[in-house]
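Hello,

Here is the structure I promised to pass on to you.

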Amino acid sequence: MACRISELVIDCADPERLAAFWSEVLGYVEIGREGDGSIEIGPPGAGSGGPRPTLVLSPSSDPRNGKLRLHIDVNPTDRDQDAELERLLALGARPADVGQTGAESWHTLADPEGNEFCLLRSRLQPL
């Protein structure tokens, strides 16, 4: 028997803003809210425990120090990488420099709070 990633928790200053951003990026919807201000988003109709992990945006005032040790990679599902890059930038992502050479096949971006993520080239089938 093995484990499966069911949710990813991201500490952030503004859960509302990041929930809106990541919902647009991933096609997710709000699943629930906790009394501490956390917002959980996930695939429409699937809820927690489905085949794709949910994201929990958890409020935190702790400062971030340096590059994240873990980041999210995303792949386009209904367009090519260039078109998806344009869409992500229009949603509020911005290019991020984490020491890449410029020869990579992916784009390193940051969400509205500066959390790095990568847009990979290959197109995946939507679930």
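Let me begin with a question: is Cys 3 buried or exposed? Cys 3 is exposed, at a relative accessible area of 82%; here buried means under 20%, exposed over 50%, and partly exposed in between, with a 1.4 Å probe and protein chains only.

Before the rest, please keep in mind that this is a predicted model, where local features need pLDDT of at least 70, side-chain atom pairs count only at pLDDT 80 or more, and totals for chains, interfaces and linings use all residues. Residues are numbered from 1 along each chain as its sequence is written, and side-chain values use heavy atoms, with hydrogens and water left out.

On the cysteines, the search of the whole structure gave zero disulfides (a disulfide being a pair of cysteine sulfur atoms within 2.5 Å). Cys 118 is buried, at 8% relative accessibility. Its closest cysteine sulfur is in Cys 12, 20 Å away, so the two are too far apart for a bond.

Cys 118 is also one of the residues touched by Thr 108, and the others include Arg 94, Val 98 and Phe 117 (contact means heavy atoms within 4.5 Å; residues up to four places away in sequence are not counted). Thr 108 sits in strand S7, residues 107-110 (helices, H or I with at least four residues, and strands, E with at least two, are DSSP runs numbered from the N terminus). Thr 108 is buried, with a relative accessible area of 8%. Its side chain makes a polar contact with the side chain of Gln 100 at 3.4 Å (a pair of N or O atoms within 3.5 Å; within protein, one must be able to donate a hydrogen and the other to accept it, and residues adjacent in sequence count only if both atoms are side-chain atoms).

Now the pockets. On a 1 Å grid over the protein atoms alone, a pocket is an open set of points where a 1.4 Å probe fits, with protein on both sides within 12 Å along at least five of seven lines; lining residues have an atom within 4 Å of a point. The largest pocket is lined by 24 residues, with Leu 26, Arg 52, Val 74, Asn 75 and Thr 77 nearest its centre. Helix H1 (15-26), strand S5 (72-74) and helix H2 (81-91) each give two or more residues to that lining.

For the second largest pocket, S1 gives the largest share of the lining, five residues.

Best wishes
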